[in-house]
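Trainee: Could you take me through this model, one question at a time?

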Amino acid sequence: MEKVVHQSSKEFAHLENKECIKPVKIEKTETGTGARIKIQDDGSYIQLRETDLACSGCITSAESVLITQQSHEEVIKTDQSGSAKLLVVSLSIQPVLSLAERYDLTVDGALQKLSGYFKKLGADLVLDMNIADDLSLLENQREFIERYRAAQEGEGKQLPMLASSCPGWVCYAEKTHGAAVLPYISSTKSPQQVMGSLVKYYLAEQRGISSEQVYHVTLMPCYDKKLEASREDFFNSQLGARDVDCVITAIELEQLLKQEGVDLSLVDSAPVDYPWGPAGDKELFGHRGSGSGGYADHIFTFAARELFGDSVDQLQYKSLRNPDFREVSLERDGKPVLKFAIANGFRNIQNLVQKLKRGKCPYDYVEVMACPSGCLNGGAQVRPLDGVHSRELTTRLEAAYSSLPQRAPEDNPTLERLYSSWLAGPHSDKSRAMLHTTYHAVEKMNTAITIKW
Ligand code: SF4
């Protein structure tokens with residue numbers, strides 16, 4: 001069994017070790033955060049639940065160290081050391097809804113309480129992630145149109161386009177299916193990593209500081225987001241800057257508040273910041289469709305309009321084997337011209353991948369999410385209080401999500417400004433660098449020689 005040696009993140013950029021880490025002990029009991037823990041023989045640990053795909057496989061040494069380095073203690077240490085000139089906290093909507101439900105707050109109220117709490121901890125800016133959700137959706141829409149047209153012209157491995165925003169699914173595909181699946185995964189970065197680009201490059205530029213002087217924390221619904229933030233693809237070795245330095249989950253924050261004896265509903269509120277443009281554009285919007293970001297809905301509606309001139313108001317999904325696998329199609333002369341699906345949970349993902357590998361996948365796009373019911377039911381959301389069934393909690397979160405005012409990403413006025421003033425247009429090299437990424441098949445190293453015990 002290899003030893004994990006703690007090194008600076010700069011050194012990890014050169015680390016290409018993909019060896020298997022085998023746990024020596026698996027605690028059977030649930031921890032206070034509802035997660036199980038794998039303990040490595042160096043004493044470091046990884047928390048996991050069965051729904052967290054990435055962690056149920058193998059992770060690399062570098063990943064395990066980077067994950068254990070992501071905790072609220074790191075945030076406090078960074079603030080106290082004064083090493084960051086700008087400490088930014090980005091709040092994803094799913095954990096905000098989870099904490100709003102836990103502390104009986106409105107969504108807006110929860111955002112402002114969280115802003116007050118993090119500012120007291122030392123944050124300079126607390127942001128919602130609406131802008132990154134919109135940018136990621138818009139790029140996904142454009143990428144789908146390009147892939148669809150390329151497929152029409154006979155280019156291979158374009159469709160189905162598979163969602164890329166769930167790192168649990170992406171890591172599973174990289175480590176288990178490699179080249180057979182990776183070309184189909186959208187190259188568009190997830191909202192967390194788009195937010196990383198916005199904070200570490202756009203904001204740093206605006207403030208006249210360099211990326212490594214910014215410390216960026218995100219609040220997320222699952223542990224897999226820690227793994228995503230730790231990817232080498234999101235580390236700039238020239239600048240020594242990682243797009244997201246630390247990921248905290250909803251359940252970790254709840255536990256921290258409990259330890260500190262803090263009731264979030266009693267914390268002083270502070271406004272959420274909006275450094276992207278006029279304050280008038282600040283209102284929080286949700287997205288129609290699934291609570292994972294509404295990818296299938298938005299891409300379908302956009303494609304129906306762009307490719308077929310059809311205006312689709314409401315999508316009617318048909319559930320297949322279970323409610324976590326559903327499909328929708330657009331027909332012309334009785335034949336489907338667009339066929340989309342949503343596949344949540346490991347079982348449905350396995351079925352989808354088998355179909356894809358056999359060349360029998362009938363879809364143009366699939367919103368793939370590792371957690372059953374998607375991100376609102378993420379592995380590190382706050383657990384239901386006594387007497388509340390987890391399905392009931394998810395239903396409440398879904399209702400809260402769909403009650404947010406909705407806006408299509410192409411109607412967000414800030415995006416146009418960002419494309420023209422920062423990204424040099426939608427299809428520029430800079431857009432590609434800031435908003436897209438690549439995936440890598442991880443070779444299986446399971447021979448006696450390659451496993452170090
Ligand atoms: S479905 Fe959402 S919450 Fe679950 S692992 Fe994927 S990104 Fe995380």
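Mentor: Let us begin with the largest pocket, which is lined by 24 residues, and of these Gly289, Ser290, Gly291, Arg326 and Glu398 lie nearest its centre. A pocket, on a 1 Å grid over the protein atoms alone, is an open set of points where a 1.4 Å probe fits, with protein on both sides within 12 Å along at least five of seven lines, and lining residues have an atom within 4 Å of a point. This is a predicted model, in which local features need pLDDT of at least 70 and side-chain atom pairs count only at pLDDT 80 or more, while totals for chains, interfaces and linings use all residues. Residues are numbered from 1 along each chain as its sequence is written, and side-chain values use heavy atoms, with hydrogens and water left out.

Trainee: Which element supplies the largest share of the lining of the largest pocket?

Mentor: Strand S13 (335-344) and helix H14 (390-402) each supply at least two lining residues, where helices (H or I, at least four residues) and strands (E, at least two) are DSSP runs numbered from the N terminus. The largest share, five residues, comes from H14.

Trainee: Is Gly286 buried or exposed?

Mentor: Gly286 lies in the loop between helix H11 (250-260) and helix H12 (295-308). Leaving aside neighbours within four places in sequence, Gly286 is in contact (heavy atoms within 4.5 Å) with Leu404, Pro405, Gln406 and Arg407. Buried means under 20% relative accessible area, exposed over 50% and partly exposed in between, with a 1.4 Å probe and protein chains only. Gly286 has a relative accessible area of 3%, so it is buried.
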